[in-house]
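Have the model open while you read.

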Amino acid sequence: MNDKRLRHLLGIEELDRDTAERILELAGTFHEVVRRPVRKVPTLRGKTIINLFFEASTRTRSSFELAGKRLSADVMNVGGSSSSTSKGETLRDTIRTLDAMHADVVVIRHSVSGAPHYISSRTRASIINAGDGMHEHPTQALLDAFTMLRHKRRIEGLTVAICGDIAHSRVARSNALLLGMLGAHVRLAGPRTLLPHRADAWGADVFDRLEPALADADVVMMLRIQQERLGACLLPSLREYSQQFGLNKRRLALARSDALVMHPGPLNRGVEIAEDVADGEQSVILEQVESGVAVRMAVLYLCANEPERPIEG
Ligand code: CP
């Protein structure tokens, strides 16, 4: 299988539909690989991947590490607090240092929107955005779409309700852009203070109540309140938020009976999602985690692989 190299994955905004569909197709191949007894292929042998995380992460960081290892690359993790940025080194010098080590791919998570774009013009490595501030989280959107495809066999025509703290969510933005590009009807729902000023520019229908957004939805995606990015007084209290915007069984019944319940994690159980819904029959939250490894393998493959090197093994 030969593929054109992907120079960077900075956001869904920069991705065209063909490339997005190619990533999802390749992820299907890698999903099969990660379910084998021997979950490894030699495709990226000799390549170096550096995970540079300046913000906390469980799912994204560990799945990028695992994805690189499953492809036989050398994978190195550099944490923000343990890097020399804590001694005053600039991001520019950090990326130049990693470049001198001949990194093929740098996966970066940073609290500043645009940080991956900034370093992408200062390195020979391919840059993958693993979440930048309130801007984008492209691999999360791709793994969410992949999970939907596995269950629904299509994205075109699905109604997807994305609910919660939309304003501070890079997951919401990337999902709205990707799902819209693939032909889904996207609804965004949250309290007015947690909706972005120009949410309609994302090509989605916007609701300030949960119930109408859930009506007959094929997919319900709940988002965490981003406490670390909230300004003062955007919410009266978490208890009140939960009462009005929390997904419980009664509200889920407004969606289609076969609706998927999704959440990018980490979950605040009892706030945006009730315990019995998070762990209920319609929940695919742990499948999203599994999809993350396959999708990140596909993205790493397209960024690091020489076009003539096929997937072997
Ligand atoms: N969904 C997500 O980005 O999770 P982590 O913050 O654990 O990586």
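1. Domain bounds here come from an automatic or database domain assignment. For this protein chain, that gives domain 1 (12-136 + 290-304) and domain 2 (138-284). Before going on: this is a predicted model, where local features need pLDDT of at least 70, side-chain atom pairs count only at pLDDT 80 or more, and totals for chains, interfaces and linings use all residues. Residues are numbered from 1 along each chain as its sequence is written, and side-chain values use heavy atoms, leaving out hydrogens and water.

2. The centres of the two domains, taken over C-alpha atoms, are 25 Å apart. In contact (heavy atoms within 4.5 Å) are 32 residues of domain 1 and 26 residues of domain 2.

3. Now the buried area, meaning the accessible area (1.4 Å probe) that two parts lose on being put together, summed over both. Between these domains it is about 2,400 Å², and carbon and sulfur atoms give 65% of that. On the domain 1 side, look for Ile12, Leu24 and Met134: they supply 29% of what domain 1 buries against domain 2, more than any other three residues.

4. How many salt bridges (a side-chain nitrogen of Lys or Arg within 4 Å of a carboxyl oxygen of Asp or Glu) are there between domain 1 and domain 2? The count is 2. As for a salt bridge to look up, the side chains of Glu55 and Arg170 form one at 3.0 Å, N to O.
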